[in-house]
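Work through the exercises below with the sequence and the model open. Try each task before reading its solution.

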Amino acid sequence: MNDKELFFERGFTNNIKVELGQKLTQLQSLVYDLTKDLLIEHDSNQPIKQKIKLPFKTVPRGDSWSKIMNTVNESIQLKDVISSDEIKNTFKRIFSKPVLFEISAFRARFPEQSRVLYNWHQDEGTWFLSKKKNVTEKFPATLWLSINGSDEKNSIQVVGNTHKLKLFNHQWVDGQGFFKINNINKMIKEDDIHTVKTEESECLIFHPLTIHRSVPVSENIDLRPRYSLDIRYFDDNLSIKKVNVDFRVKLKKIFRGLI
Ligand SMILES: O=C(O)CCC(=O)C(=O)O
Ligand SMILES: [Fe+2]
């Protein structure tokens with residue numbers, strides 16, 4: 001199956017390499033410059049590809065870390081990647097007229113930071129309940145792009161064939177939003193869980209209803225960060241149409257419209 005068939009049949013593509021060249025290097029360099037004093041002792045003359053994988057001395061403190069994250073999230077380097085032709089062309093493998101959705105993000109994962117670990121969820125769970133017109137009924141796909149490589153201990157897991165079920169009811173998680181589907185373990189088959197592994201600059205694209213999560217914390221804790229982007233585009237020709245929605249989600253939407 002090609003990427004488009006995989007996206008619509010299974011709910012996510014295989015790994016795709018995105019040739020971002022300088023645009024990726026510039027984003028990596030920004031992250032390195034902002035974090036270099038927090039890393040273990042190292043030779044700063046080594047290539048950026050290696051420096052971006054170095055472990056931290058200690059887990060960064062919450063407020064200073066938020067500042068770093070905000071700086072990256074507001075940077076021109078990030079914008080250049082998200083709106084690049086290379087990313088848009090990657091979306092053209094599945095959508096005929098990809099348009100940038102307004103929510104994309106840079107993420108850093110450390111084992112200790114539970115706030116950045118997302119439980120089983122569907123991204124449409126958030127978009128569906130939004131009050132903004134340019135967020136609802138767009139059905140954006142998510143392109144999860146690795147900035148410094150990822151493995152089975154720090155990446156994400158996507159569950160095949162779950163995009164054909166329905167939009168599930170999500171429970172609120174403090175500091176995150178509607179990001180937890182209850183009792184999901186009953187509904188997903190172990191064999192359908194795919195744990196992502198990537199080289200830097202590799203991505204996969206998944207459907208807005210595909211159930212996925214951050215890989216939970218394992219015992220093997222090291223302080224190497226996992227950097228990734230979730231980049232969202234929707235199809236202006238609307239290739240994803242109506243979805244089946246749990247009645248509790250519909251009620252929530254009506255209720256939110258009233259307050
Ligand atoms: O990167 C992660 O750990 C979570 C990503 C996610 O849920 C998303 O990209 O929609
Ligand atoms: Fe997500």
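**Exercise 1: the shell around the ligand**

Ligand 1 has around it Arg 107, Arg 109, Tyr 118, Asp 123, Thr 142, Trp 144, Ile 156, His 212, Ser 214, Ser 228 and Asp 230; a residue is near a molecule if its C-beta atom, placed from the backbone, lies within 6 Å of it. The model is predicted: local features need pLDDT of at least 70, side-chain atom pairs count only at pLDDT 80 or more, and totals for chains, interfaces and linings use all residues. Residues are numbered from 1 along each chain as its sequence is written, while chains are lettered from A and ligands numbered from 1 in the order in which they are written.

Task: sort the shell around ligand 1 by class and find which strands each supply at least two of its residues.

Step 1. Ala, Val, Leu, Ile, Met, Phe, Trp, Tyr, Cys and Pro count as nonpolar, Asp, Glu, Lys and Arg as charged, and the others, Gly among them, as polar. The shell then has three nonpolar, four polar and four charged residues.

Step 2. Strands (E, at least two residues) and helices (H or I, at least four) are DSSP runs, numbered from the N terminus. At least two shell residues come from each of β3 (105–109), β4 (141–146), β10 (212–214) and β11 (226–235).

**Exercise 2: strand β9**

Task: state which strands are joined to β9, and in which sense.

Step 1. β1 (residues 16–17) is joined to β9 by two bridges, antiparallel, with Ile 16 opposite Cys 203. Two strands pair if DSSP finds at least two bridges between them.

Step 2. β4 and β9 also run antiparallel, joined by four bridges. Here Leu 145 has Cys 203 as its bridge partner.

Step 3. A residue is buried if 20 or more other C-beta atoms lie within 10 Å of its own, exposed if 12 or fewer, and partly exposed in between, with C-beta atoms placed from the backbone. In β9 (residues 202–206), four of the five residues are buried, so the strand is largely enclosed by the rest of the structure.
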